[in-house]
Amino acid sequence: MSTTGATADPLAALGALPGVAESVESVRKAVDRVYGHRIMRRRSNAITSEAALRAARGSAALSGADWALEEVRRRTDFGTEDEARVMGAALRLTAEAGQLLSIWRQSPLRVLARLHLVAAASDEGQVGRPRQAGETVDEPLVELPLPDAREVSGRLDGLADLIIAGTSAPALVTAAVVHGELLALRPFTSHNGLVARAAERIVLIGSGLDPKAICPAEVGHAEQGRAQYLAALEGYVSGTPEGMAAWIAHCGRSVELGVRESTAVCEALQRGAA
């Protein structure tokens, strides 16, 4: 996303794209409905915990570890084969995201570095910092042109400046741009998809749209499927108004599907309490 031009608040300008206001309003209504569910008054912590588990499962699925939910519950060893490591990274990131909310608005680059460190769970030299010239990226499921290290550095700084300056843009728009920009840049040598979705989660929670973290967009991204996810991402990377609007709408639909998932959890808990 370009951060140059006459518009002082480019994120807010994206909110004026055709169809984006409708997506924002649809998400707002869906979130309000699940927050108004009767069971939320008594069991919100249980719903938050369940949403976190399902969010991690969804994010891992998009990074190649498409496990059944019960398998995620059952497993305790996430450090062996490749898929288990991906799932372990997703679980760690979902847990860590809630601890970084207060830092995000002041130092988003520090948060992104921390997310990569948590995901990689390694002390190798390239972990926890943006990639440098000549370093390769292990992100086989995203096959878009890879910006060079200089472009990555400049665009990360621009994104951080936007977050720190603040914006009047709806939370959905900001979250979609953060998510899309990180996937487009793939700033780290690994785990970029997981980090991008965790950053989207931080924005949705920290903005106040989903303060209890019960509307896991990761569930919706996974439910819509990898092909649709990548097609929408191509729209973001194109930079056209239509492509950007399509990506924001895709992210909005993902939040709505996450709401539907948590609503089903609410209904199940209510039946159990009846």
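Visitor: Which residues of helix α12 are buried?
Guide: This is a predicted model, in which local features need pLDDT of at least 70, side-chain atom pairs count only at pLDDT 80 or more, and totals for chains, interfaces and linings use all residues. Residues are numbered from 1 along each chain as its sequence is written, and side-chain values use heavy atoms, with hydrogens and water left out. Buried means under 20% relative accessible area, with a 1.4 Å probe and protein chains only. By that criterion, the buried residues of α12 are Tyr229, Ala232, Leu233, Gly235 and Tyr236.

Visitor: Within what arc do the buried residues of α12 fall, seen down its axis?
Guide: The arc is taken from the directions that run from the helix axis to the C-beta atoms. The buried residues of α12 line one face of the helix, because they fall within an arc of 150°.

Visitor: Which residues does leucine 112 touch?
Guide: Contact means heavy atoms within 4.5 Å. Residues up to four places away in sequence are not counted. On this basis, leucine 112 touches Trp104, Leu156, Leu182, Phe188, Val195 and Ala199.

Visitor: Which helix gives the most to the lining of the largest pocket?
Guide: On a 1 Å grid over the protein atoms alone, a pocket is an open set of points where a 1.4 Å probe fits, with protein on both sides within 12 Å along at least five of seven lines; lining residues have an atom within 4 Å of a point. Among the 26 lining residues, the closest to the centre include Arg85 and Asp138. Two or more residues come from each of α5 and α7. With six residues, the most is given by α5.

Key
Buried < 20%, exposed > 50% of the residue type's maximum accessible area, 1.4 Å probe, protein only. Helix = DSSP H or I, 4+ residues; strand = E, 2+ residues; numbered from the N terminus.
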